Amino acid sequence: MASQVVNLRVNERSREFLAAPGTSLLSSLRDALGLMAAKRGCAQGSCGTCTVLLDGRPVMSCLVAVETVDGASVRTLEGVARDGELDEVQAAFLEGFATQCGFCTAGMIMSAEALLDRNPDPTREDVVEAISGNVCRCTGYGPIVDAILDAAARRRP
Amino acid sequence: MAKLRGRGYASVNYPTGMNLGGDPSQALIHATTTGTFVVSLSSVDLGQGLKTVVAQCAAETLGLPMENILVDTADTDTGPHCMGTFASRGTHRVGNAVIMAAAEAREVMLAVAAEELEVDAGDLETDGTGYIQVKGAEEKRVHITDLALAAHFTHGRTISGRGIFLKEKNDPVPETGEMDPDSCQAHACTVAVVEVDDETGVVEVLEMHNAYEIGRALNPAMVAQQVEGGAWMGMSHALFESTEPYYPTRDHGPGDFNEYLMPGPADIPMYHNAILERPAGNGPFGAKGIGEMTANAPIPAIANAIFDACGVRLDTMPFTPERVLRGLDELRGNHH
Amino acid sequence: MRYKTNPIDRTYFADEPAEDFNVIGSVVQRSDALGHVTGRTTFFEDLSPPDLLHVKMHRSTRHHARILGVDLTDALAVPGVVRILTHADIPNNVFTPLKLIGVQPDDEPVLAEGKVRYLGEPICAVVAETEAAAYEGAARVRVDYEELPAVLDVEEALAEGAPIVNEYHGNNYFTYEGHHCRRIRFGDVESAFAAADHVFEWRYQSAPIEHAPTETTGCIVVPQPDGRLRIHSDTQACFFTLDNTALILGTPFNKLRIVGGTVGGGFGGKVDIAVEPVACVAAMLTRQPVKYVYSRYEEMQVSSPRAAERIYIKDAVMADGRITGRKITLYVDAGAYSRHSPYGTTKAAAHLPGPYSIPNVWADCHCVFTNRTPSSAMRGFGVTIGDFALESQMDRIARELSMDPLRLRLINAYRDGDMKAHRKVAEGTALVEVIQKAAEMVGHELPAEYRQMSSMDRASMDREGR
């Protein structure tokens, strides 16, 4: 099968590129578009480091064949800061010491963004559920859960 | 059928560095024209925060703000030698090397400032905000940016320094095991509170109380990161982890995170942590290495808590529900 | 905003001189955190050089076998496969990483030569234009084996007549200066058993544990215009990797340059020189950039784990709780090759008998070869599993004597000036104080004489009748 042209709206910008059949959304973001925030931790949907928002919903981008989402809207961590200003989730992770090696951080923040988009006032249990597909090996999760709750509080008017 | 609660204790020590082959690390530091100090290393940050902590060591020694420090690592063409990041050696070895390099650079900085201000170098001090000033006559001062420019373009001096820390080679005596392998020891005592479900065998860790003695907490927030992240890893080792669940046979080895189990964010206990400081004479500002040891005490503390809860002594890791249930069966006299 | 700090408790070691620091002891923001939260931190795999080739490995499907033949025909026919490396392509194929500090012999092939000694051992490296082609090529390599008996248990490996795992050693154990194990001999442990009120002996066992960093082990090698190789790696030790790689390649050391320092978790798993030599050879032969990164499955089952250990502890204990003798037999399951395990076994020996002053200590610490994935360094290796055994042992002794487990530990805790079993005088000790602090935190009541004990004052305990 031949490669095909795929159109995506990535971080509010229209992007067009060629993709061979079966190319993952993760590979497309990284190799075709040069967006490196989403990481390859397992390439089999078990770690969550590649989480991005696809039409507003969190997905593990390693599991999405990019030709099946032609025309979709994608948000990555590169698109979260507004005019160079950190958003609430980023600021809460930064100030709350919720990062150590940083490899899971992009996936964690995108899972958190998806949660806060649909539920601005989450409980601790809601946060735990939202990041239950994201593996972190350094922090023990506590500071990450705290940071997401803090981000929700910062975002509330 | 009941949930049985128990408490277990463990106290441990842990060596900083393991260096029988000789264990050096180096640092170089130099000032740019505008007074930023670049710390050149080949040391690796695995996420524990080495880049931050060595910048603190440089800033403290130079008497300058953190904003004046850049850490450039790890390129073997430009960074001097480092043995690597392992054995809880990074903060201790690299921290000491950076302090030595920064002390040498500070001496040059004060000497150039003495020429610039036409005073004796011994009468100068740093104010921590970027000025070098005369003790007791603070209006007589020069900012590091102006000083570095003057060093380059007027005095022809490099404000720079070299540092190395070496733990010397030591061969164990084969007959007795006499040896000097480490630099200092950090200490911890963990108390774990668990709940054992005597129907399913599932162990839940409810609380972990950790008391640590670490020499000096160079950055208390990053100490907390190590203590809590390590406690989680210890709990994970204790209850879940193995690449060979039927060791010593190699069957059923997990291949991904769906099969290799670890506690998730729903499984974390309440942590209560306390830090004591007994500075080590050979540590950077007294610090000992604690990156590794934080996973150690939780494992036996949990084993001992399980015994306290239900009378099952688990002498084989990990403490899976299957092992707990087999132990309970044995206590009840149900041999299979 | 808040971060969880642990306020320093200065009621302990209150005599230490107060120091006035500017930034030491302060909560300083992590210098790498801004890059992490914006997705701008660059890890080695975020590099994307043009014409990048990919390496995937064909690995052993046997625990122990002679290799009778390797057929590359089908693999080479896969579109996109550029080249397949075997041991013949690696200039100095047999190595051991700690040779840099004098540990010998070389005992591990970069690519298997004549036989395989564990399930998953690398045999041929497929270099291809895409990752998919490399995987496809690796799957189509055919290896003809003659199965050999395997040994997977440490004590079976040391028994008479066990199959030899690693011929470079000749025995199924690492030899320490002529001895079959690393030994500690301190005092007279047998006399202690003879004089003891109680003798307790128990056995402990662990299984291999994976580092599981979220970023797997890997590197990208980029040939430079001046003929050098720039290696972007997530190694935990840049010069250690550089020096070992140069020795394997047989090139001058200054032909290589390692760029790294930002790693997605290590925990000891990234010091094995696992990927750089093969990637460098592939880059030299193809004159193109090459990436070799472990899959998650390889990270789980092929990268070296924390060693499984089996530990027997036999203690001489007096009725008042004093431990007067401790005899330890410890087996580290090194798997098929040394890597860092001989070192870890020595580290385990130096840690014994735990943070306690025991006048008679005897330890035999064996570094044992078996037909499994080689183990190596991991966060606290030599100590973590030892602590599980030692502190379980302390709990069991307390139960047997119906003693408070913390008082048992305080009675036996090492103090400044004590001679440790490896004949190093203890200094800067603080076990007594962390136990006292933990007791205070959980409301575990200790009698006044135990609360007044000090690491700096052994006499304070001797007055209590020791």
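## The annotated span of chain C

In this predicted model, the end C-alpha atoms of residues 38-149 of chain C lie 53 Å apart, and the span is 13% helix and 34% strand, where helices (H or I, at least four residues) and strands (E, at least two) are DSSP runs numbered from the N terminus. For these residues, 38-149 of chain C, the UniProt record, an unreviewed entry, lists "domain: Aldehyde oxidase/xanthine dehydrogenase a/b hammerhead"; UniProt positions are given in the numbering used here, feature names are shortened, and annotations may be inferred rather than shown by experiment.

Residues are numbered from 1 along each chain as its sequence is written, while chains are lettered from A and ligands numbered from 1 in the order in which they are written. Local features need pLDDT of at least 70, side-chain atom pairs count only at pLDDT 80 or more, totals for chains, interfaces and linings use all residues, and side-chain values use heavy atoms, with hydrogens and water left out.

## Domains 1 and 2 of chain C

The domain assignment of chain C, whose bounds come from an automatic or database assignment, gives domain 1 (53-147), domain 2 (182-208 + 305-403) and domain 3 (218-298). The C-alpha centres of domain 1 of chain C and domain 2 of chain C lie 37 Å apart, and their contact, meaning heavy atoms within 4.5 Å, takes 13 residues from domain 1 of chain C and 11 residues from domain 2 of chain C. Between them these two domains bury about 1,100 Å², 58% of it on carbon and sulfur atoms; buried area is the accessible area (1.4 Å probe) that two parts lose on being put together, summed over both. In domain 1 of chain C, the residues that lose the most area to domain 2 of chain C are C:Leu98, C:Glu108 and C:Tyr118, which together give 44% of what that side buries.

The count between domain 1 of chain C and domain 2 of chain C is 1 salt bridge, a term for a side-chain nitrogen of Lys or Arg within 4 Å of a carboxyl oxygen of Asp or Glu. The side chains of C:Glu108 and C:Arg339 meet in a salt bridge, at 2.6 Å from N to O.

## Chain C against chain B

Between chain C and chain B, 121 residues of chain C are in contact with 122 residues of chain B, and the two chains bury about 10,100 Å² between them, 57% of it on carbon and sulfur atoms. The count between chain C and chain B is 13 salt bridges; C:Lys424 forms a salt bridge with B:Asp182, with the closest N and O atoms 3.2 Å apart.

Chain C and chain B also have 64 residue pairs in polar contact, both residues at pLDDT 80 or more. Helix H10 (residues 384-401) of chain C provides the largest share of the side of chain C that touches chain B, 9 residues. By class, that side of chain C has 56 nonpolar, 30 polar and 35 charged residues, where Ala, Val, Leu, Ile, Met, Phe, Trp, Tyr, Cys and Pro count as nonpolar, Asp, Glu, Lys and Arg as charged, and the others, Gly among them, as polar.

## The two domains of chain A

Chain A is assigned domain 1 (4-79) and domain 2 (88-155), and the C-alpha centres of domain 1 of chain A and domain 2 of chain A lie 21 Å apart. Their contact takes 17 residues from domain 1 of chain A and 14 residues from domain 2 of chain A, and the area buried between them is about 1,200 Å², of which carbon and sulfur atoms give 67%. The count between these two domains is 0 salt bridges, with 2 residue pairs in polar contact, both residues at pLDDT 80 or more.

## Chain A against chain B

Here 20 residues of chain A are in contact with 24 residues of chain B, and chain A and chain B bury about 1,700 Å² between them, 61% of it on carbon and sulfur atoms. In chain A, A:Phe97, A:Gln100 and A:Arg137 lose the most area to chain B, together 37% of what that side buries.

The count between chain A and chain B is 1 salt bridge, and B:Glu241 forms a salt bridge with A:Arg137, the closest N and O atoms lying 2.7 Å apart.

Note on methods. Polar contact = N/O pair within 3.5 Å; in protein donor to acceptor, adjacent residues only side chain to side chain.
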